[in-house]
Amino acid sequence: MLTLDYAKDPLVLVDPDDNQVETPVSSQVFLHIGASLPLWDRLNVSLDLPIAVAQGGDDAAAGSVLSSADGAQVGDLRLGFRGRIFGDYWEDAIQISAGAYLFMPTGAADSYVSDGSIYAQPHVLLGGRVSHFVWSSTLGVMVRASDNPNTFNYGLGGHYMLLDDTLGIGPEVFGSVGFSSDALPTSGTSTIERKSSVNAEILGTVKYRFLEDFTVGAGFGPGLVGGVGTPAYRGLLQVA
């Protein structure tokens, strides 16, 4: 699977009056290269490698605690394991799975694309199908070894299936909630107060399956809450 992910203004600094004063990351374009292998109709093993093919940001102002994003960089490799506990794929209204993602620090530690250390996200998933409607939800915890905050992560999406189940249209909501609202550390001696410890985005998505084994998709939508990493809007293109 190849996914192109564009985010506008994912990291913006504002003053106490909410006036924008600096944009260390004004845009990021990631190419995700992914693959998965199902085993025994029960276990799924996956990997995903994010590559920031383009980044941009304001030149750091004098006295700034954050440098601007620049250039192409490799992100952190994600390994995934997921097991189906209850329910049959594409048949039952409720299915239950559990799994975990393990992130390896394959990116540069002092960049906007890597934690610089191993981190993990155990999670549970609920999903299913009712007539032409397919839905999925996930809840997990991001546990980090770095100074970045631990978070609860969530997602909910649904597709209405058309054209003999080849076309799916629907919304997706996803984000995270920080364990605390503490200030964020920087590479220097300063810290940055977070406007919010909540991240939330919504996408309108469409996917189309053709030639039996190929899928193309697209998504677009705004950020809903001004947490660190939530963009003004995001756009996705995918082929699998």
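Guide: Strand 14 and strand 15 run against each other in an antiparallel pairing that comprises seven bridges. A strand here is a DSSP run of type E with at least two residues, numbered from the N terminus, and two strands count as paired if DSSP finds at least two bridges between them. The model is predicted, so local features are used only at pLDDT of at least 70 and side-chain atom pairs only at pLDDT 80 or more, whereas totals for chains, interfaces and linings use all residues. Residues are numbered from 1 along each chain as its sequence is written, and side-chain values rest on heavy atoms, with hydrogens and water left out.

Within this pairing, Val216 faces Val239 of strand 15. Six residues separate the two strands of the hairpin, and there Gly229 adopts a positive phi near 95°. Strand 14, which covers residues 214-226, also pairs with strand 13 in the antiparallel sense, through ten bridges. The hairpin of strand 13 and strand 14 has three residues between the strands, and in it Leu211 has a positive phi near 50°. Across this second pairing, Glu201 stands opposite Gly223 in strand 14.

Side chains of opposite charge can pair when their charged atoms come close. A salt bridge is counted when a side-chain nitrogen of Lys or Arg lies within 4 Å of a carboxyl oxygen of Asp or Glu. Because Glu201 belongs to strand 13 (residues 198-210) and Arg234 to strand 15 (residues 233-239), the pair ties together parts that are 33 residues apart in sequence. Glu201 is buried, at 7% relative accessible area, and Arg234 is buried as well, at 12%. Through shared partners, salt bridges join Asp5, Glu201 and Arg234 into one network.

The structure has seven salt bridges by this rule. Among them is the contact of Asp88 with Arg84, whose closest N and O atoms are 3.5 Å apart. Asp88 is partly exposed at 38%, while Arg84 is buried at 15%. Another is formed by Lys8 and Asp9, with 3.9 Å between the closest N and O atoms; Lys8 is partly exposed at 27%.

Accessible areas come from the Shrake-Rupley method with a 1.4 Å probe, and for residues only the protein chains shown count as cover. Patches are made of residues with over 30% relative accessible area and no salt bridge, like charges being joined within 9 Å and nonpolar side chains (Val, Leu, Ile, Met, Phe, Trp, Tyr) within 5 Å. A nonpolar patch of about 900 Å² includes Val216, Val239, Val206, Tyr208 and Leu163. Strand 9 (151-162) and strand 13 are the elements that give two or more residues to this patch. Leu163 is placed in the loop between strand 9 and strand 10 (167-178), and Leu163 is exposed at 59%.

Aromatic rings come next. Rings of Phe, Tyr and Trp (its six-membered ring) pair if their centres lie within 6.5 Å; planes under 30 degrees apart count as stacked, over 60 as edge-to-face and the rest as tilted. Seven aromatic pairs are found in the structure. One of them, Phe103 with Tyr119, is stacked, with 4.4 Å between the centres and 0° between the planes. Phe103 lies in strand 6 (residues 95-104) and Tyr119 in strand 7 (residues 119-130), so this pair ties together parts that are 16 residues apart in sequence. Phe103 is buried at 11%, and Tyr119 is buried at 10%. The pair of Phe220 and Tyr233 is tilted, because the ring centres are 5.6 Å apart and the planes stand at 40°. Phe220 is exposed at 53%, whereas Tyr233 is partly exposed at 32%. Ring pairs also bring Tyr6 into a cluster with Phe220 and Tyr233.

Note on methods: Buried means under 20% relative accessible area, exposed over 50%, partly exposed in between (1.4 Å probe, protein chains only). Helices (H or I, at least four residues) and strands (E, at least two) are DSSP runs, numbered from the N terminus.
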